[in-house]
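Hello,

Here is the structure we spoke about. Please look through it, then read my notes below.

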Amino acid sequence: MIFILPFVYILLMAVKTKQEAALFLFAWPSEWRAWENLVEVVQTRNYMLLLAYFNSTVITLGAVTLLVIFGAMVGYVLQRRRSPWNRVVYVFLLIGLMVPPAVVPTIWVLQNLGLFKTIHGMILIQVAYGLSFAVLLYRSFIASIPRALDEAAIIDGARPWQVFFRVILPLLKPVTVTLIVVQSVAIFNDFTNPLYYLPGRENVTVQLTLFNFQSQFQSQYNLLFMNILLVTIPPLLVFVFCNRQIVAGMTSGGVKG
Amino acid sequence: MSSVVLSDLCKSFGAIDVIRGVDLVIEPGEFCVFVGPSGCGKSTLLRLIAGLEEATSGTIRIDGKDVTDAEPSARGIAMVFQNYALYPHLTVRDNIGFGLSLARRPKAEIRARVEAAAEALQLTHLLDRKPKELSGGQRQRVAIGRAIVRDPKVFLFDEPLSNLDAALRAQMRIELSDLHRKLGATMIYVTHDQVEAMTMADKIVVLNGGRIEQVGSPITLYDTPASPFVAGFIGSPRMNLYDGRAVGESCATYGIRPEHLKLTDMAPRWRGTVRHVERLGADTVIHLDVPDLGDMVVRADGDRNPPIGSMLGISPLPGREHRFP
Ligand SMILES: Nc1ncnc2c1ncn2[C@@H]1O[C@H](COP(=O)(O)OP(=O)(O)OP(=O)(O)O)[C@@H](O)[C@H]1O
Ligand SMILES: [Mg+2]
């Protein structure tokens, strides 16, 4: 109930008229203006919201894909290979998990690489921020997969990359689903990082539209809430559809032979 | 059919020498069993042959070819693991055909070969199940099917039956022996179960501390063990072993098997007090306390049931005593 109430409030506000919304009451709208409000929000500033959706989707898809692949690969190598470098990598991972990122130097690095204000630069930033978590998550899960499985595949004639893609990666599905959900929601909803690293009108992300629109919709709270509603829907869908798999992924202990 | 020849094979993990100079010839088509106490290096030796561990020194030849540094898949071997190591996400069909699909064989050929292997192991009705929907014995069959389908020169088994219950183990023992006869392939089998070793092997290799203690046919090892270690390891209940001086012999160690002792009142060599009696039906295993020697185990007829604490006379059968220098 506590989770649903704000949603209901947003929903109600989003379909009201301008005058009614300005009252901020938790009341039934006298007039349903859902479609009109929707069209108006989408059309604002030259269809900025659609562009934002596109950008956010590209960033989320790109970053999550890279996170899954690199996270699983690094986690695999880290867990299976015994080498003195493991410790070094491990320390770096922990640092990556604990030390907050410094914004200004990062921007400076991005500028030097020519990645500042670009979508792929943003993707790399998100990957960098999420990778430690992904690697540690995968590493601990891979530890529960018996090594004999790798060896059986090697004897069956699998090259190292085949062992990974055809035996290990499919077994990581529960973690992968969890990671995809958690990270895609986080990246899609991210506000500050795009604000720092992705300025520019053509680069807006969904969360930034809120920021931009807030000034414009000052007296039109119905539209602001319609915007909020639209921004909230995709993560909500992900959660609704993947809920069961997330729980499965978080509780499953691993693989029994 | 291929031979496997190990010469002066050594393996160390860091400072620990696990395999310390093994020389062994396994003839083509032979069923060779490695036995030994836990931690003596049986699995390590098998994994060296498989190519899962790298030899520190020495050479491995399969079918006359030096494969010491070859990839596992290039050695013509197949391996069955103790915990089956089936791919949990694949069906039985895909598990068995995994190696063939990696080798990019045509779909029709994979199908035919998988089905032939499944047929031989009575797995046909299970082909579309996942490993977790199978019983232990069925999983083990799938693992064997995965080995068969690769048509290897040498089969390697690492304690394949140790996770099964006693009845199933006895059945699988027979099935494996049949399979060996049918395929005629060279098989190397690791176990610590000496019944498996005695019943299945053409040749038993007894390992101790990373070295070969003795090699021979089961009967050779039973009749003429080369050392007290082998004598104690082969045969059940295990051989009674005593210090030579305690029994009035000139050798260092004197051994006599429980089944080669007879209970007698006519001028017995030893007398002992009955401490414990195990009635197995077909025979009775009697544990006695013999003054100056300690424990002595005698295997007697099934109808013997001496009361605990009674005094019995024991004599060795002539020609069945073992004297180790
Ligand atoms: N990867 C490894 N690193 C270090 N030591 C190892 C490794 N593998 C095995 N050993 C050591 O080598 C010795 C022999 O191990 P191995 O597994 O071959 O024994 P085993 O004869 O198969 O015993 P069991 O009957 O218990 O299976 C053991 O002392 C073990 O601790
Ligand atoms: Mg072992």
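Helix 3 (34-80) and helix 9 (173-189) of chain A each give at least two residues to the lining of the second largest cavity. Helices (H or I, at least four residues) and strands (E, at least two) are DSSP runs, numbered from the N terminus. This is a predicted model: local features need pLDDT of at least 70, side-chain atom pairs count only at pLDDT 80 or more, and totals for chains, interfaces and linings use all residues. Residues are numbered from 1 along each chain as its sequence is written, chains are lettered from A and ligands numbered from 1 in the order in which they are written, and side-chain values use heavy atoms, with hydrogens and water left out.

Cavities

A cavity is a set of points, on a 1 Å grid over the protein atoms alone, where a 1.4 Å probe fits but cannot get out; lining residues have an atom within 4 Å of a point. Grid points are joined across faces, edges and corners, and a volume is the space filled by probe spheres set on the points. There are two cavities of 30 Å³ or more.

The largest cavity holds about 60 Å³. Residues of chain A and chain B line it, among them A:I155, A:D156, B:F81 and B:R146. Helix 7 (147-155) of chain A, and strand 6 (77-80) and helix 4 (136-148) of chain B, each supply at least two lining residues. Helix 4 of chain B has the largest share, three residues. The lining has seven nonpolar, no polar and three charged residues.

Interface

22 residues of chain B are in contact (heavy atoms within 4.5 Å) with 20 residues of chain A. The two chains bury about 1,900 Å² between them, 63% of it on carbon and sulfur atoms. Buried area is the accessible area (1.4 Å probe) that two parts lose on being put together, summed over both.

Two salt bridges link the chains. The term means a side-chain nitrogen of Lys or Arg within 4 Å of a carboxyl oxygen of Asp or Glu. One of them joins A:E151 and B:R47 (2.7 Å, N to O). On chain B, helix 1 (42-50), strand 6, helix 2 (92-102) and helix 4 each supply at least two residues of the side that touches chain A. Helix 2 of chain B gives the most, four residues.

Largest pocket

A pocket is an open set of grid points with protein on both sides within 12 Å along at least five of seven lines. The largest has a volume of about 940 Å³. Its lining has 28 residues, with A:Y76, A:R81, A:I154, A:P160 and B:L52 nearest its centre. The lining divides into 12 nonpolar, three polar and 13 charged residues.

Backbone

Most residues other than glycine have a negative phi, and most peptide bonds are trans. B:S236 and B:P237 are joined by a cis peptide bond, with omega about -5°. A:K117 has a positive phi, near 65°. A:K117 sits in the loop between helix 5 (103-113) and helix 6 (119-142) of chain A.

Best wishes

Conventions: Ala, Val, Leu, Ile, Met, Phe, Trp, Tyr, Cys and Pro count as nonpolar, Asp, Glu, Lys and Arg as charged, and the others, Gly among them, as polar.
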